[in-house]
Amino acid sequence: MAYIPPLVKLFGKSPFKPLHEHILKVNECVNQLKPLIEAFVDQDFKKVNEIAERISKLEHEADIIKNNIREHLPKTLFMPVDRCDILMFLKEQDTIADRAEDLARMLEVRETILPEELKEDTLKFINKVIETVNALEVAAGELSEVIESSFGKHEISKVLKLIHNIDKKEWEADKLVLKLLRKLFEVENKLDPISVLHLERLIHTMDSVADHAENAGDRLRTMVARR
């Protein structure tokens with residue numbers, strides 16, 4: 001018979017496996033942003049619409065997992081991690097998928113042409129955003145190990161280093177978004193005002209995906225560092 005750590009016995013039906021399933025689904029959703037932005041850069045709006053529908057479906061699947069976790073999260077006093085911390089972490093993690101869907105819908109509803117001067121930096125930026133969420137998935141995947149080790153120092157140290165990598169990726173994304181916005185305003189005279197505003201909103205929405213990945217990392221840090 002497999003050894004079951006005492007904390008897990010007390011915890012009953014652990015939400016940590018569903019939490020991991022949730023970040024995997026969120027990450028699957030976010031990884032669709034690369035082909036989405038590539039289609040946008042190529043002005044292939046039919047493909048943009050197809051990928052937007054795919055992202056919306058994945059976001060809905062992430063919502064189903066999220067709601068299942070919320071509905072079945074134990075209220076016992078023997079929780080190894082504070083219930084509120086889990087819910088806050090789940091909320092930030094889920095918002096990543098929400099912002100990815102927002103971006104997809106914004107590209108879907110208006111066929112805005114991206115200036116040639118912005119194409120290369122836009123592709124670099126979305127890659128960094130995706131890297132940030134991928135880093136969160138890696139860090140979040142270690143949470144069960146921390147729980148099963150009864151918050152062993154080695155396991156906590158490992159997760160904190162992985163969270164630091166999320167922060168680093170998000171910082172790199174912030175530098176890229178600043179560069180991209182500067183370039184946008186350098187060429188704004190080539191665009192109509194509505195296109196400028198729409199592109200600015202698109203850039204900020206892309207940035208918010210990375211921001212919420214960092215926020216989820218902060219909540220993860222809170223969960224493991226309290227011990």
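Residues are numbered from 1 along each chain as its sequence is written, and side-chain values use heavy atoms, with hydrogens and water left out. Because the model is predicted, local features need pLDDT of at least 70 and side-chain atom pairs count only at pLDDT 80 or more, while totals for chains, interfaces and linings use all residues.

Helices are DSSP runs (H or I, at least four residues), numbered from the N terminus. Helix H3 (residues 33–41) packs against H4 at an angle of about 160°, with the axes 8 Å apart. Axes are lines fitted to C-alpha atoms over the stretch in contact, and angles run from 0 to 180 degrees between N-to-C directions. H3 is therefore roughly antiparallel to H4 (an angle over 145 degrees). The crossing of H3 with H4 is left-handed, meaning that the near helix is turned anticlockwise from the far one by less than a right angle. H3 contributes Leu33, Pro35, Leu36, Ala39 and Phe40 to the contact (heavy atoms within 4.5 Å), and H4 contributes Phe45, Lys47, Val48, Ile51, Ala52 and Ile55. Ten of these residues are nonpolar, none is polar and one is charged. Nonpolar covers Ala, Val, Leu, Ile, Met, Phe, Trp, Tyr, Cys and Pro; charged covers Asp, Glu, Lys and Arg; the others, Gly among them, are polar.

Ser56 also lies in H4 (residues 45–72). Its relative accessibility is 14%, so Ser56 counts as buried (under 20% relative accessible area; exposed is over 50%, partly exposed in between; 1.4 Å probe, protein chains only). Beyond its neighbours within four places in sequence, Ser56 is in contact with Glu101 and Arg105.

The structure holds 22 salt bridges (a side-chain nitrogen of Lys or Arg within 4 Å of a carboxyl oxygen of Asp or Glu). One of them joins Asp94 to Lys66, with the closest N and O atoms 3.3 Å apart. This pair links distant parts of the chain, with Asp94 in helix H5 (residues 83–109) and Lys66 in H4, 28 residues apart. Asp94 is buried at 3% relative accessibility. Lys66 is buried at 11%.

Arg221 pairs with Asp167 at 2.6 Å, N to O. Asp167 lies in helix H8 (residues 153–186) and Arg221 in helix H9 (residues 193–225), so the bridge ties together parts 54 residues apart in sequence. Asp167 is buried at 17%, whereas Arg221 is partly exposed at 26%. Arg221 also meets Asp218 in a salt bridge of 2.6 Å, N to O. Asp218 and Arg221 both lie in H9, three residues apart, about one turn of the helix. Asp218 is partly exposed at 31%. Elsewhere, salt bridges that share partners join Lys128, Glu131, Lys168, Lys169 and Glu172 into one network.

Methods
Helices (H or I, at least four residues) and strands (E, at least two) are DSSP runs, numbered from the N terminus. Angles under 35 degrees count as roughly parallel, over 145 as roughly antiparallel, 65 to 115 as roughly perpendicular and the rest as oblique.
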